[in-house]
Amino acid sequence: MSFSTPGTLRPVILDDVRGAQKMLSGVARTTPMEGSRHLTQLVGAPVHLKCENLQRTGSFKLRGAYVRISGLSPVERAAGVVAASAGNHAQGVALASSLLGVHSTVFMPVGAPLPKVAATREYGADVRLHGHVIDETLAAAQEYAHETGAVFIHPFDHPDIIAGQGTVGLEILEQCPEVRTIIVGIGGGGLAAGIAVAVKALRPDVRVVGVQAEGAASYPPSLTAGHPVSIDAPVTMADGIKVGRPGDVPFKIIGDLVDEVRTVSEDALSSALLLCLERAKLVVEPAGASPVAALLSEPKAFKGPVVAVLSGGNVDPLLMQRILRHGMAAAGRYLSLRLRLTDRPGALAALLGSLSVLDANVLDVSHVRTDPRLGLTEVEVELQLETKGPEHCDEVAAELRRAGYTVLD
């Protein structure tokens with residue numbers, strides 16, 4: 001199965017996805033499907049998580065990369081392959097190439113997370129750091145392909161890639177035959193397109209819903225226009241779906257087969273990542289958590305049983321730390337307070353004692369004496385507190401006011 005000439009690419013059909021599934025046997029994992037009691041209660045119908053974060057290399061990208069490289073001719077394989085990626089596609093291409101005995105060169109941005117760079121090298125790729133944004137990295141990879149004859153492996157805009165990703169859809173139907181709704185994140189569109197091809201051919205009654213981050217949502221305006229539209233400077237923590245323009249090949253499929261494309265906020269993404277970690281004990285990157293973010297944002301909008309595709313789990317530990325803090329704030333687990341106190345010995349200690357009784361954990365204290373807004377005998381205290389949730393936040397503020405403290409907005 002090969003689609004090696006861009007000008008003659010034919011549509012992806014179910015037989016392509018089935019052929020990809022045979023090709024991937026023994027290569028890609030059949031990833032598990034985990035139920036979520038919390039999301040089931042929220043939605044009012046069974047919710048299952050398709051755990052592609054547990055796939056080899058930590059994401060679904062291995063599927064498409066392996067199928068694409070398998071389809072190359074002996075001459076193309078001898079020339080090697082080249083890709084550009086900040087993480088998941090890089091690792092998928094690196095491992096697929098190693099398994100197939102093909103030399104791979106992967107261009108990554110200069111600021112790419114070190115664990116992703118190290119993993120890509122360990123999977124066998126020649127990693128080259130170039131550019132500070134992915135567009136510069138992509139241009140360097142394409143120039144390398146032009147100069148050396150290496151085959152450029154696009155992350156989503158090729159039928160072989162889409163057929164490989166579509167095997168996720170076949171697994172979903174096998175593991176959850178009663179499914180009514182499948183929710184999947186969309187960047188360039190390869191995964192959503194592949195799943196839609198497989199699922200709609202076998203179960204046209206199943207609703208396929210795509211999800212994009214609000215700050216990187218190129219599909220809604222593109223679908224309205226009827227052709228791919230670029231958006232300037234997409235901004236989101238979900239780098240796996242941070243794509244400024246839909247792919248030409250997946251765009252046609254998504255326009256024909258995907259029932260709806262929704263957008264989610266950054267708060268919803270961080271809350272979803274936190275939920276996956278706390279409730280499901282699953283490490284999921286922001287892009288992978290986007291279907292869960294859609295469920296959290298409007299739980300009653302989906303008919304069950306629902307399958308949410310957790311597309312990847314490759315998240316840099318430092319980014320994870322920041323996102324978890326953001327998620328806890330979005331979930332009402334942090335409380336910021338400013339209070340006025342009388343400037344006398346023991347006043348701050350008494351305040352902290354009151355907070356201890358209220359079971360609020362103090363994360364940070366700032367003690368201000370020199371602000372011109374303060375009276376001669378006043379000090380202002382800024383507090384960062386860890387709480388048990390929104391109700392506890394309200395309780396803490398109310399109890400401090402009842403105790404005579406001046407709580408400022």
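A disulfide is taken here as a pair of cysteine sulfur atoms within 2.5 Å, and by this rule the count comes to zero. The structure is a predicted model, in which local features need pLDDT of at least 70 and side-chain atom pairs count only at pLDDT 80 or more, while totals for chains, interfaces and linings use all residues. Residues are numbered from 1 along each chain as its sequence is written, and side-chain values use heavy atoms, with hydrogens and water left out.

For Cys-276, the closest cysteine sulfur belongs to Cys-51 and lies 8.7 Å away, which is too far for a bond. Cys-276 is also buried, at 1% relative accessibility, where buried means under 20% relative accessible area, computed with a 1.4 Å probe on protein chains only. Cys-393 is likewise buried, at 8%.

Gly-332 sits in the loop between α14 (317-330) and β11 (334-342), helices being DSSP runs of H or I with at least four residues and strands runs of E with at least two, numbered from the N terminus. Gly-332 is buried at 14% relative accessibility, and, leaving aside neighbours within four places in sequence, it is in contact (heavy atoms within 4.5 Å) with Thr-387, Gly-389, Pro-390 and Cys-393.

Elsewhere, α1 passes α9 in a left-handed crossing, meaning that the near helix is turned anticlockwise from the far one by less than a right angle. Their contact is made by Leu-14, Val-17 and Arg-18 of α1 together with Val-197, Ala-198, Ala-201 and Leu-202 of α9.

Technical notes. Buried means under 20% relative accessible area, exposed over 50%, partly exposed in between (1.4 Å probe, protein chains only).
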